[in-house]
Amino acid sequence: MRIVKVKNYEEMSRKAANIIAAQVNLNPQTVLGLATGSTPIGTYERLVELCNNGDVDFSQVTTINLDEYYGLEPTHEQSYRYFMNKHLLTKININLANTHVPNGKATDIEAECRRYDELIENAGGIDLQLLGIGHDGHIGFNEPSDEFVMGTHCVTLNEITINANSRFFNSRDEVPKQALTMGIKAIMQASRVLLIASGDDKKEIMKKALFGPVTPAVPASILQLHRDLIVITPLDI
């Protein structure tokens, strides 16, 4: 584990984007695992700048997102496909056919989960996985539970996650109660994991995740076992 302490959110975003850009420049056919939420928006903005300035070329890159709300159309403003297109994918020179998000409208959930795992495997796994962390320690939508779920699966979101995400919707009642999420196996098999976190409300869970016991009750704690984990944060942890 390597912890990079930064001054603020802007520096965190810049350093994270620089690491991602360096990965792509070293391997133009990189498979990037991407995250959503408010935390990576600054990182995506910086990547757009780098691409527009000619400092990074995404034309051969494949992206695989962590998760998607179950039941939302990809055109829904709160779907993660919409989020990714808005903040990154339609603003860089990437082939959208090579960008992947779970199908939140799949009629056969188990088949969709198998398809997503096969997609990751056929891509050769993830070269660099970008992660944020939830207030309860979730990564992707791998919520606290009694076990680490290995494969892509459908999860019922807990109250903490629903409450945290309700700020993006008109009301709490509109927040989907389920989501499809990449499992722990694909995350842990990524060659490199880049974890970013900011905001004092994330301080305690970051301490638990990085320095507490490894337990499915704090899903992000499994990252302590990853062979190449970079943490970028302005938090004093």
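The legends below describe close-up views of a predicted model. Local features need pLDDT of at least 70 and side-chain atom pairs count only at pLDDT 80 or more, whereas totals for chains, interfaces and linings use all residues. Residues are numbered from 1 along each chain as its sequence is written, and side-chain values use heavy atoms, with hydrogens and water left out.

**View 1. The largest pocket and its lining.** The volume of the largest pocket is about 700 Å³. A pocket is an open set of points on a 1 Å grid over the protein atoms alone, where a 1.4 Å probe fits, with protein on both sides within 12 Å along at least five of seven lines; lining residues have an atom within 4 Å of a point. Grid points are joined across faces, edges and corners, and a volume is the space filled by probe spheres set on the points. The lining comprises 36 residues, and Thr36, Gly37, Ser38, Asn165 and Phe168 lie nearest the centre of the pocket. Helices α3 (80-87) and α5 (159-165) each supply at least two lining residues, with α3 giving the most, five residues. Helices (H or I, at least four residues) and strands (E, at least two) are DSSP runs, numbered from the N terminus. By class, 14 lining residues are nonpolar, 15 polar and seven charged. Nonpolar means Ala, Val, Leu, Ile, Met, Phe, Trp, Tyr, Cys and Pro, charged means Asp, Glu, Lys and Arg, and the others, Gly among them, are polar.

**View 2. The second largest pocket.** This pocket has a volume of about 200 Å³. Its lining includes Asp117, Ile120, Glu121, Met150, Lys185 and Gln189. At least two lining residues come from each of α4 (109-122) and α6 (184-189). Five residues of the lining are nonpolar, three polar and three charged.

**View 3. Helix α1 against helix α2.** The axes of α1 (residues 9-26) and α2 (residues 41-52) come within 8 Å and cross at roughly 55 degrees. Axes are lines fitted to C-alpha atoms, for helices over the stretch in contact, and angles run from 0 to 180 degrees between N-to-C directions. The two helices are therefore oblique to each other; angles under 35 degrees count as roughly parallel, over 145 as roughly antiparallel, 65 to 115 as roughly perpendicular and the rest as oblique. The contact has eight nonpolar, four polar and two charged residues.

**View 4. Helix α2 against helix α3.** Here the axes lie 9 Å apart, at an angle of about 40 degrees, which makes α2 oblique to α3. Ile41, Tyr44 and Val48 of α2 meet Phe83, Met84 and His87 of α3. Five of these residues are nonpolar, one is polar and none is charged.

**View 5. Surroundings of Thr90.** Thr90 sits in the loop between α3 and β5 (99-100). Leaving aside residues up to four places away in sequence, Thr90 touches Asn85 and Leu96. The C-alpha atoms of Thr90 and Val48 are separated by 9.6 Å, with the two residues 42 apart along the chain.

Key. Contact = heavy atoms within 4.5 Å.
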